[in-house]
Amino acid sequence: MHEADIHKTAFRTHHDHYEFRVMPFGLCNAPSTFQATMNDLLQPFLWKFVAVFFEDILIYSPSFLSHLEHLEAVFSSLSHNELYLRRSKCIFAKQQLNYLGHMVSSQGVAPDPNKIQAMLDWPTPSSP
């Protein structure tokens, strides 16, 4: 959360005065605000070697060495802005992965075969 906005989240209880330092769930416009933050923060890298959709950050590279450089650039930017990753949600150095319903690999982007099969298996409508 931007430091200048922290005071806007202030509330008082009988114990003390509190302010959110991170965006609380349920806050109005939190998803769009977070997406805008990620777009601004990672703007120098977007569509060069980064795609971002909310908290899903995809870093793609032509080689393993350039991938390490790209990881360092993104991690530095996130860390500098006090945003941190949860290791349990991270996947590193994959040749192919499922991203937002698509299979992404060095061959390009293709539909997820499970999604195609789900469409093929869809029952024929029997009533209007």
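**View 1. Contacts of leucine 41.** Leaving aside its neighbours within four places in sequence, leucine 41 is in contact (heavy atoms within 4.5 Å) with Ser77, Leu78, Asn81 and Leu83. This is a predicted model, in which local features need pLDDT of at least 70 and side-chain atom pairs count only at pLDDT 80 or more, whereas totals for chains, interfaces and linings use all residues. Residues are numbered from 1 along each chain as its sequence is written, and side-chain values use heavy atoms, with hydrogens and water left out.

**View 2. The largest nonpolar core.** A nonpolar core is a set of buried Ala, Val, Leu, Ile, Met, Phe, Trp, Tyr and Cys residues joined through side-chain atoms within 4.5 Å. Buried means under 20% relative accessible area, exposed over 50%, and partly exposed in between, with a 1.4 Å probe and protein chains only. The largest such core has 12 residues, among them Met38, Leu41, Phe45, Phe49, Ile59 and Leu78. At least two residues of this core come from each of α1 (30-41), β3 (50-53) and α2 (64-80). Helix α2 gives the most, with three residues. Helices (H or I, at least four residues) and strands (E, at least two) are DSSP runs, numbered from the N terminus.

**View 3. Two aromatic pairs.** The search of the whole structure finds two aromatic pairs. Rings of Phe, Tyr and Trp (its six-membered ring) pair if their centres lie within 6.5 Å; planes under 30 degrees apart count as stacked, over 60 as edge-to-face and the rest as tilted. The ring centres of phenylalanine 45 and phenylalanine 49 are 5.2 Å apart and their planes stand at 35 degrees, so this pair is tilted. Phenylalanine 45 is buried, at a relative accessible area of 15%, and phenylalanine 49 is buried, at 11%. The rings of phenylalanine 75 and phenylalanine 92 have centres 6.1 Å apart and planes at 90 degrees, so this pair is edge-to-face. It links distant parts of the chain, 17 residues apart: phenylalanine 75 lies in helix α2, and phenylalanine 92 in the loop between α2 and β5 (96-99). Phenylalanine 75 is partly exposed, at 32% relative accessibility, and phenylalanine 92 is partly exposed, at 33%.

**View 4. The hairpin of β6 and β7.** Strands β6 (residues 102-105) and β7 (residues 108-111) run antiparallel and are joined by four bridges; two strands pair if DSSP finds at least two bridges between them. Two residues lie between β6 and β7 in this hairpin. Histidine 102 stands opposite proline 111 in β7.
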